[in-house]
Structure formats: C-alpha cells, structure tokens
Amino acid sequence: MRTTLEMIKIEHTLFALPFAFLGATLAARETPPQTPSFWIAKLAWIALAMVGARSAAMTFNRIADAKIDAANPRTAMRALPAGLLDLRFAWAFTILSSLLFLLAASQLNRLTLVLSPIALGSVFLYSYTKRFTSLSHFVLGWCLGIAPSGAWIAIQGKLTLLPVLLSLAVMLWTAGFDVLYACQDYEFDRRAGLHSIPQRLGISKALWVARGTHALMFAVLMVFFWIASLSWLGLAGVIATGLLLVYQHSIVRADDLSRLNAAFFTTNAFVSVILFVTIASDVFLLK
C-alpha cells in the first residue's frame, strides 16, 4: 500500500483537490438551499471522483513511461522500473481507479457521467503527448483544469463562464510549473528524443515561458475575481498567489536548478490551498 501510494504521489492530490472544492463552493453560492446531507454526499462523491481519476492517471502514466523511467537516472527507482510493483497489479489498479471515478460521476448527475469519458481520456492521452509535442505541459494543464469545472457541473448540472475562467487559471498554473519541472530532464529528453519546452527552447528560454504562463494565469485570476464579485478576502488570496509565483520563479535559475523541488512541491501546494481558503471564506463569511 505504501509503495502504491508513493507511485501515484497521493500527496500531490493537494494540488488539484482544493480547486475542485472551490468550483463546488462557487456553484453552491448560486444553488438554492439544500440539506446538509445533500452537500456531504456531493462533496464526498466529488472527492472520490478526484481520487479515482488522479490515481488512474498517475498509474497509467507510470505504465506508459516504465521503459523511459528505467532509462532516466532521476526516475529509475520508481516502483515499476525498480520492480517494486508488478505490471499486472498496476493495470488492475488503473482499472479499479477508473471504475471508482465513473461510479462517482454516475452518483453526481447525468452531465457529469456523460462527460466523464472525456476527462478520463484526457488524463490517459497526456502520458503519450511528450512523444510527439512540446506542448505536453498544456495538455497536463488541461487535465488538472478540468477539476473546478467538473465540480461545478457536479453541483449545477451545467457550465458557465465563471468555472471556465477558474479552469483556465488552473491550466496555465499547471503548465507553467510543469515547464519548470521539465527543466531537470533537459539532457535526458534530448538524448531520448522526447519533447518538452525546455528540450525545444533550452532551459533559459523555457524559464521565461513558465514566467509568462504564470503571469497570464495571474491576469486570468484577476478577471475571475472581478466576475465572481468577490471582496477583499478573495483579492488577498489572488495577490498572495501572485507573490508565491514570483517567489517560485525567483529561486529557480537557468544555471541553478537545485531549489526546483522546493519551487515545485512546496509552493504549488500553498497556491491551491490559499485560493480555496480565501475564496471559500469570502463566499460563506462575507456574502
């Protein structure tokens, strides 16, 4: 169990789950009053859908990349290439996680279930994109960006501009930090013929792409703040996010990637939590 949870990086669920809950929170603001049991059930199924989809996506990615990971010194000790987990177990875990996601989607509403294959197909497709396009970072962004819009649909059964803006912000945020993360595999990707923005443009220019992507994400968040009619607390969350992104980029340089893990893991976890706490508090406490 410990090896499996490590394989799917269960702790990284913190990156996306708060955005799903944020989408649900904003949708709840525009939903007629419901019983507490209604909201408990909705949030439970949303959480299970997120865990199922992400577990399936991560495990499938490990299966698809097993040979690549084995050849890369940075990833050679992952569970599958190191032989810590069996390939048949990984396939079984992927199937069960996918079924959990589909079950959860079926318990939310009809539109969620109808769209669920698109979400599942997207997360599976991502695993192969770096074999043929340098824009794989944005495909990953799309996969995580589904979360807030999916949660909104789970509550309201329809989609409007507000969750789309939040999804766009999540997409840009994810793509930006994935460009940063890919910098550490620059040399390997060149040798292996894999595609990424660092491999295509070089590390220095890739860092500027990441900065520009995150600057655009901040701009989208400001538009989101305005359209959502949030107050000072929501604005504080958006500004804090901007400052965290500035800090993230300040500690990563083309000639020094030693602090990249701090930029990637610690800062990113704070971004999603800060936005959820401040905007959810804005919605429920300052309405």
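## Exercises on helix packing and cores

The model is predicted: local features need pLDDT of at least 70 and side-chain atom pairs count only at pLDDT 80 or more, while totals for chains, interfaces and linings use all residues. Residues are numbered from 1 along each chain as its sequence is written, and side-chain values use heavy atoms, with hydrogens and water left out.

**Exercise 1.** State in which helix Thr112 lies and which residues it is in contact with, leaving aside neighbours within four places in sequence.

*Solution.* 
- Step 1. Thr112 belongs to helix H6; helices are DSSP runs of H or I with at least four residues, numbered from the N terminus.
- Step 2. Contact means heavy atoms within 4.5 Å. With neighbours within four places set aside, Thr112 is in contact with Ala105, Ile153 and Ala154.
- Step 3. Leu102 is 10 residues from Thr112 along the chain, and their C-alpha atoms are separated by 9.2 Å.

**Exercise 2.** Work out how the axes of H6 and H7 are arranged and what classes of residue make the contact.

*Solution.* 
- Step 1. The axes, lines fitted to C-alpha atoms over the stretch in contact, of helix H6 (residues 110-129) and helix H7 (residues 136-156) come within 9 Å and cross at roughly 165 degrees. Angles run from 0 to 180 degrees between N-to-C directions.
- Step 2. H6 is therefore roughly antiparallel to H7, a label for angles over 145 degrees.
- Step 3. The residues in contact include Thr112, Leu115 and Tyr126 of H6, and Trp142, Ile153 and Ala154 of H7.
- Step 4. By class, the contact has 12 nonpolar, 4 polar and no charged residues. Ala, Val, Leu, Ile, Met, Phe, Trp, Tyr, Cys and Pro count as nonpolar, Asp, Glu, Lys and Arg as charged, and the others, Gly among them, as polar.

**Exercise 3.** Identify the members of the largest nonpolar core that touch the most other members, and the helix with the largest share of this core.

*Solution.* 
- Step 1. A nonpolar core is a set of buried Ala, Val, Leu, Ile, Met, Phe, Trp, Tyr and Cys residues joined through side-chain atoms within 4.5 Å.
- Step 2. Of its 55 residues, Leu26, Ile46, Trp173, Met217, Phe224 and Ile279 touch the most other members.
- Step 3. The largest share, 11 residues, comes from H8.

Technical notes: Helices (H or I, at least four residues) and strands (E, at least two) are DSSP runs, numbered from the N terminus. Angles under 35 degrees count as roughly parallel, over 145 as roughly antiparallel, 65 to 115 as roughly perpendicular and the rest as oblique. Buried means under 20% relative accessible area, exposed over 50%, partly exposed in between (1.4 Å probe, protein chains only).
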